[in-house]
Amino acid sequence: MRVLVCLKQILDPDVPARDFEIDPAAKAAKRGGANLVTNIFCENAIETALQFREAASDAKITALCYGESTAEDCLRKAMAMTVDEACLVQRDGNPNPDAAAVGRVLAAAIRRLEQDGGPFDAVLVGRESGDWGTGQTGGALAEELGRPLLGFVESLAPGNGGVTLRRQTDVGIEVAEAEPPFVVTITNNEDNVPRIPKTRDVMMSYRKPLRKLNLADLGLDDEEIRNGASSFEVEEIFVPSDEVECVLAEGDTLDERVDQLARKIHEVVASIG
Amino acid sequence: MANVAVCVLGSFGYDRAAQGAAGAGRALAESVGGELHALVIGPADDGAVASLSAVADRVLLGGNEELRDVQPEQALQAAEQLLEAGGGDYVAVLLGNDTYSQEIAPRLAHRLGGSSMADAAAIRMDGDHLLAQRTAYGGKAISIYRLKKQPSVVWLRARGFEPAPEQASAGEVTSVDLALDAPRIRITGREVTEQEGVRLEDAPVIVSGGRGLGGPEPFQELKKLADAIGAEQGASRAACDAGWVPPNWQVGQTGKKVAPELYIAIAISGASQHLLGMGDSKVVAAINTDADAPIFKHCSFGIVEDYKQVVPLLTEKLEAMAG
Ligand SMILES: Cc1cc2nc3c(=O)[nH]c(=O)nc-3n(C[C@H](O)[C@H](O)[C@H](O)COP(=O)(O)OP(=O)(O)OC[C@H]3O[C@@H](n4cnc5c(N)ncnc54)[C@H](O)[C@@H]3O)c2cc1C
Ligand SMILES: Nc1ncnc2c1ncn2[C@@H]1O[C@H](COP(=O)(O)O)[C@@H](O)[C@H]1O
């Protein structure tokens, strides 16, 4: 079995709201002092793939990213988490291409990697990213590849001839049987919290292969990706001002303070009837 | 002429999400001078069909029995074929925010050569293009996207839209025979979590707990508080990831979007991604040991205190007040 995980590098979503600013010209967040990190759902996807490999023993995992050279860090970290190999499709001067464009690039890269190393049975992407987070890339990629997709998957296990998937829906858990090749989007649950790489594996990660490709290598041209495939653009972006004044419970004793809180809660609840 | 389609899952009926999606669809159809078509994926009961024909100009029923339990691959095919049966001339295709709609939206857009967008809180036409408003950067910003290709396939934060108004005359209902392939990924089992009480999305009062609770047991304590005021229980991602409560308790960007009259956040810091799920609450109250926690910038009242001190006493007082 070959498994491919798509990783996206994003601006650290944990930057506090007070440090967050928009660059009006770029129509995007200012980098400021924020770190660049791997999108959390991509790390959940790596963890899910690693657990699948532990159960399926012969599986090999490849990480793929379309990003700037800084994204090498994400791929190294993935290999430190014991992903077997990685590929970076280099991007420059093409900020915020939308899901349709990214899907086309990732699909072309996947086909190239498959030419050289055989087909990927499963392609894993995150359910959405923590920056623009439209969660459309998985769907676009599945269609580009002509493969079926299941969303919100939390685990993969070797099944009867195929792969058994568990996924979260509004009404509860669904179990599905998938015939490779297929695409899934990964969501979080208590079992796919990303592992912390061991020091030894961090060292080892530098010996693992990191292949670099550019759009020309994939037979794509930048102009085409920018204009032909892109299906949306940012018209406007702003920071909402939605802070409200909070009245904190006051009083000399805990009992008085909790009493104030209780009255306010009771008042609201009683008004609902 | 160009029309607007709204896709509804038959098994979900004409629920609040479908009503909101149809409402958004009607407003859009009026703005382009076109019709509103309701596309029903899978068998639906007569009541739901009647409700849809009261608000739409046309209803296209894809009632194939194999769609009763939704198979995503087939739902996608069904949507494609229903759009074709409806004439194919659509500026926009709108869907609700259930799991199935979310996963098929980008694929449908791709098949139709259109644009897709997720979780739109507002939509309108600007010339030939649809503009969709949603949050970005985990709720820290609001962005408006211009969708450049038609049709625009958009799943909506549907409950936030006004339900569609009834029309003077009922829309024509047509059954469409769908030709569906066997799904390449087949759902074989469902473990439906029995929802005690109302769904979180519809709950008037919610008591949520976060990482600061330190473990699963304190959620029992919060349950007593919730019972005292008739509330449902929710949680932050941190509490769900820790396995203290099931994943479907998660409120936030990638959890439930709730809009209760009262939301009580206990030991939750108020990260933007959490606020995104509960920002539509009418009144928010917080219990947190840290006076600088961001949640206090987004609540109307609260208490800076250890929940262990507050919750039992608060529950006792509220039980007494409820009499
Ligand atoms: C792409 C993406 C999507 C996300 N989606 C979601 C989502 O849907 N929902 C979500 O919730 N998060 C989501 N997150 C995670 C989010 O960023 C935060 O990490 C998470 O909400 C933090 O949960 P928390 O407030 O419970 O924990 P923390 O931030 O650790 O806060 C714990 C709080 O408890 C307080 N506390 C500690 N002890 C006590 C005590 N004894 N009494 C009272 N208070 C106490 C602390 O002061 C602190 O404020 C997402 C993140 C990303 C990147
Ligand atoms: N540039 C990229 N390179 C690799 N994977 C990506 C890229 N952009 C998006 N993805 C994948 O698509 C998922 C959803 O992203 P998005 O559609 O941007 O919300 C991410 O979690 C990644 O797995």
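## Salt bridges in the predicted model

A salt bridge is here a side-chain nitrogen of Lys or Arg within 4 Å of a carboxyl oxygen of Asp or Glu. In this predicted model, the count by that rule comes to 42 salt bridges over all chains. Among the residues involved, Glu143(A), Glu73(B), Glu80(B), Arg107(B), Arg111(B) and Arg184(B) are linked in a network of such bridges.

## Pairs within helices of chain B

Asp227(B) and Lys223(B) form a salt bridge whose closest N and O atoms are 3.0 Å apart, and both residues lie in helix α5 (residues 218–228) of chain B, four residues apart, or about one turn of the helix. Asp227(B) is partly exposed, with a relative accessible area of 48%, and Lys223(B) is also partly exposed, at 31%.

In helix α6 (residues 237–241) of chain B, Asp241(B) and Arg237(B) are separated by about one helical turn because they are four residues apart. Their salt bridge has its closest N and O atoms 2.9 Å apart, and both residues are buried.

## The pair Asp306(B) and Lys308(B)

For the salt bridge between Asp306(B) and Lys308(B), the closest N and O atoms are 3.6 Å apart. Asp306(B) is partly exposed, with a relative accessible area of 27%, whereas Lys308(B), at 52% relative accessibility, counts as exposed.

## Gln136(A) and its contacts with chain B

Gln136(A) lies in the loop between β8 (122–126) and α4 (137–145) of chain A, and it counts as buried because its relative accessibility is 1%. A polar contact of 2.8 Å joins its side chain to that of Ser116(B). Leaving aside residues up to four places away in sequence, Gln136(A) touches Ala99(A), Pro106(B), Ser116(B), Met117(B), Ala118(B) and Trp155(B).

Terms used
Residues numbered from 1 in each chain as written. Chains lettered and ligands numbered in written order. Predicted model: local features only at pLDDT ≥ 70, side-chain atom pairs only at ≥ 80, totals over all residues. Heavy atoms only, no water. Helix = DSSP H or I, 4+ residues; strand = E, 2+ residues; numbered from the N terminus. Buried < 20%, exposed > 50% of the residue type's maximum accessible area, 1.4 Å probe, protein only. Polar contact = N/O pair within 3.5 Å; in protein donor to acceptor, adjacent residues only side chain to side chain. Contact = heavy atoms within 4.5 Å.
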